[in-house]
Amino acid sequence: WIKLELIGEDEMLLPDPIELYSTCESLIKKKFKIFCYCSDDPMLCKRLEDLGCEVVMPLISPIGSGLGIRNEHNLEIIRSMCKGLIFVDAGIGSPSDACRIMELGFDGVLLNSSVARSHDPINMADAISLAVKSGRKSFLSGAIKKTKKMEYDDEGKIAASGKVDISLINNILDHEYYKSNNHLNYKFYINQIVFQYYLNLLDDF
C-alpha cells in the first residue's frame with residue numbers, strides 16, 4: 001500500500017485534486033492500495049472511493065493549522081456518500097476535534113502537530129486517544145436526535161431510544177395526578193425518578 005499526498009501549493013499544503021485523481025488511477029492499475037489524502041469535497045471523495053482507493057482521507061483544515069473542523073456539513077455528506085474506510089488526515093487541533101470526527105462515523109484520524117507541538121505531548125496523545133475512543137463509542141451507541149423539547153410517540157408516550165425500557169417513566173406520565181396538576185414539584189419528582197432509573201441502568205454494566 002502507499003499513502004499518497006500530491007500537494008498543490010507550498011503555503012497551506014493543500015492537495016491538488018486533478019493530479020491526485022489521475023495519479024491514483026495510474027497506481028491502482030498497477031495494483032497499489034492507495035491511502036489517499038484529499039480535500040473535503042464530497043464528490044471528489046466519492047470519485048476516489050469509486051476509483052478503488054483503499055482509504056479516502058479528507059482534511060478538515062490545512063495541515064498543521066490546528067483549526068479543527070471548518071465544514072462539518074461536508075464531512076456529514078462525505079460519510080453518507082462513501083461506504084468504505086474514511087479517515088481524517090489533517091487539521092485536528094484538539095481532542096474535541098478528534099471526538100467529533102469519530103461521532104460523525106469516520107473510521108479513524110491521522111494527526112501530528114496537535115500532539116507534537118502541544119506543551120505536554122504525552123498527555124495530549126493520551127487525551128486524543130481517549131477522545132477517539134469516546135467518539136467512536138458515542139457513534140456506535142446512537143446519540144439522541146437534537147430537539148427543542150421532549151419527543152413523544154403517537155400515543156403521547158416518551159419516544160424510546162435504542163433498547164432502553166422506559167415503561168416506568170411513561171407510567172408516571174399516565175398517572176391522573178400528573179395529568180391534572182402537572183406542576184413544578186411533581187415534575188421535579190419525575191426528574192428524580194428518571195435520574196435514579198438511569199443510575200440503575202449504569203449499575204447493570
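Predicted model: local features only at pLDDT ≥ 70, side-chain atom pairs only at ≥ 80, totals over all residues.
## Overall architecture

The protein contains 9 helices and 5 strands. Read from the N terminus, its elements follow the order β-α-β-α-β-α-β-α-β-α-α-α-α-α.

Of the 205 residues in the protein, 33% are buried. Among the contacts with a separation of 6 or more, 50% are between residues 24 or more positions apart.

The 5 strands form an open sheet in the order E1-E2-E3-E4-E5, and the pairing is parallel. Strand E1 (2-4) and strand E5 (108-109) are the edge strands, each of which pairs on one side only. In general, strands of a sheet pair through backbone hydrogen bonds, in either a parallel or an antiparallel arrangement.

Two of the pairings can be described in detail. E2 and E3 are joined in the parallel sense over 4 bridges, and Phe-35 has Val-55 in E3 as its bridge partner. Strand E4, residues 85-88, pairs with E5 in the parallel sense over 2 bridges; here Val-88 stands opposite Val-109 in E5.

Strand E3 is covered on both faces. Val-55 and Met-57 are buried on one side, while Val-56 and Pro-58 are buried on the other. In a regular strand, side chains alternate between the two faces of the sheet.

## Helix H2 and its cover

Helix H2 spans residues 42-51, and its buried residues are Pro-42, Leu-44, Cys-45, Leu-48 and Glu-49. These residues lie on the same side of H2 because they cover an arc of only 165° around the axis. An α-helix has 3.6 residues a turn, so residues three or four places apart point the same way.

The cover over the buried residues of H2 includes helix H1 (17-29), strand E2 (34-38), E3 and H3.

## A nonpolar surface patch

Ile-7, Leu-13 and Ile-63 make a nonpolar surface patch of about 200 Å². Ile-63 belongs to the loop between strand E3 (55-58) and helix H3 (72-81). With a relative accessibility of 33%, Ile-63 counts as partly exposed, because the partly exposed class lies between the buried limit of 20% and the exposed limit of 50%.

Leu-13, another member of the patch, is located in the loop between E1 and H1. Its relative accessible area is 31%, so Leu-13 is also classed as partly exposed. The backbone of Leu-13 has a phi near 55°, a positive value in a residue other than glycine.

## Further individual residues

A positive phi is also found at Lys-31, where the angle is near 75° and the residue is again other than glycine. Lys-31 lies in the loop between H1 and E2. Its relative accessibility of 73% means that Lys-31 counts as exposed.

Pro-121 is part of helix H6, which comprises residues 121-141. At 35% relative accessibility, Pro-121 counts as partly exposed. When residues up to four places away in sequence are not counted, Pro-121 touches Val-115 and Ala-116.

Technical notes. Residues numbered from 1 in each chain as written. Heavy atoms only, no water. Patch = residues over 30% accessible without salt bridge, like charges linked within 9 Å, V, L, I, M, F, W, Y side chains within 5 Å. Areas by Shrake-Rupley, 256 points an atom, 1.4 Å probe, with all protein chains shown as cover. Salt bridge = Lys/Arg side-chain N within 4 Å of Asp/Glu carboxyl O. Buried < 20%, exposed > 50% of the residue type's maximum accessible area, 1.4 Å probe, protein only. Pairing = 2+ DSSP bridges. Arc of directions from axis to C-beta. Contact = heavy atoms within 4.5 Å.
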